[in-house]
Amino acid sequence: MRKLAIVVEYLGAGYSGWQSQEHKNTVCDVLTAALEKIVCHKVTLFASGRTDMGVNAMRQYANFLTDSGISPSKLCLGVNTKLPPAIAVKECYEVPLDFDARKSAVSKTYLYKIYISPTPSPLRYHTHAQLYFPLDVEKMRRAASYIVGEHDFTAFMATGGQAKTTVRTVYSLDILSFGDEIHFEVTGNGFLYNMVRIIVGTLVKVGQGKIPPEQVGEMIEKKERALGGKTMPPQGLYLKSVRYPEKYGKI
């Protein structure tokens with residue numbers, strides 16, 4: 001028995017998220033069906049984490065066991081012939097049996113993309129969130145400094161989250177401006193339910209001048225969701241990358 005790890009890129013529009021759900025069109029189910037056609041046996045996929053309906057991924061990791069002798073390169077090429085255009089396996093590696101796409105992860109990086117325009121951009125409909133008025137980037141950066149570090153992020157978890165602990169460490173939170181776009185890139189050791197989308201929504205509220213940057217620190221300290229901004233829509237969010245210990249090599 002071998003364990004293979006795959007790196008998956010997908011556009012989340014039209015899918016009910018990653019996680020397999022009965023009577024739902026999910027990325028996991030579509031990918032599993034394609035893999036089973038290649039390895040000729042049942043497959044159970046374990047991913048680095050779930051992404052919600054409409055959320056995209058640049059590098060989602062997943063692993064599965066197989067008794068097939070197919071090489072990683074041939075599997076990668078073969079499975080893409082069975083997948084729809086919105087999903088692709090970019091890389092495949094044979095990994096040690098103790099590798100776990102979720103449990104072995106050291107950190108994850110998410111990217112959120114916004115464009116600012118009074119008119120919609122059809123080409124960015126499924127890949128960005130739209131805002132109509134400029135944001136104060138420097139104020140948002142000041143607010144972001146309160147988020148970096150180890151905190152209890154109860155105020156940044158949406159209703160329905162079932163985490164055993166709400167303490168997480170955010171290693172970095174960068175805000176970059178490109179023409180009419182603003183990108184938020186956040187790296188941490190883990191994230192609560194809708195945490196990144198709430199972080200961005202709160203920073204946007206700061207950038208709009210509706211709350212001061214210091215209120216973000218107060219929001220964390222008081223654990224009050226109401227002090228922050230709205231949960232941003234899913235299409236602007238990407239799972240950008242996942243980092244694993246060096247012992248697992250180039251994955």
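Helices (H or I, at least four residues) and strands (E, at least two) are DSSP runs, numbered from the N terminus. This is a predicted model, in which local features need pLDDT of at least 70 and side-chain atom pairs count only at pLDDT 80 or more, while totals for chains, interfaces and linings use all residues. Residues are numbered from 1 along each chain as its sequence is written, and side-chain values use heavy atoms, with hydrogens and water left out.

**Whole chain**

Along its principal axes the C-alpha trace spans about 60 × 40 × 35 Å. Take the contacts (heavy atoms within 4.5 Å) between residues at least 6 apart in sequence: 71% of them join residues at least 24 apart.

**Thr 51**

Select Thr 51 next, in the loop between β2 (46-47) and β3. Thr 51 is buried, with a relative accessible area of 6%. Show its side chain together with that of Tyr 10: the two make a polar contact at 2.7 Å. Such a contact is a pair of N or O atoms within 3.5 Å; within protein, one must be able to donate a hydrogen and the other to accept it, and residues adjacent in sequence count only if both atoms are side-chain atoms. Not counting residues up to four places away in sequence, Thr 51 also touches Gly 17, Trp 18, Gln 60 and Leu 239.

**Asn 63**

Move on to strand β3 (residues 56-66) and select Asn 63. Asn 63 counts as buried because its relative accessibility is 3%. Its side chain reaches the backbone nitrogen of Ala 101 at 2.7 Å. Beyond neighbours within four places in sequence, the contacts of Asn 63 include Lys 3, Leu 4, Thr 44, Phe 46 and Phe 99. For a distance across the model, pick the C-alpha atoms of Asn 63 and Pro 120, which are separated by 38 Å and lie 57 residues apart along the chain.

**Arg 197**

Finish in helix α4 (residues 195-207), at Arg 197. Is this residue, Arg 197, buried or exposed? At 11% relative accessibility, Arg 197 counts as buried. Leaving aside neighbours within four places in sequence, Arg 197 is in contact with residues including Asp 52, Tyr 112, Lys 230, Pro 233 and Leu 237.

Definitions and conventions
Buried means under 20% relative accessible area, exposed over 50%, partly exposed in between (1.4 Å probe, protein chains only).
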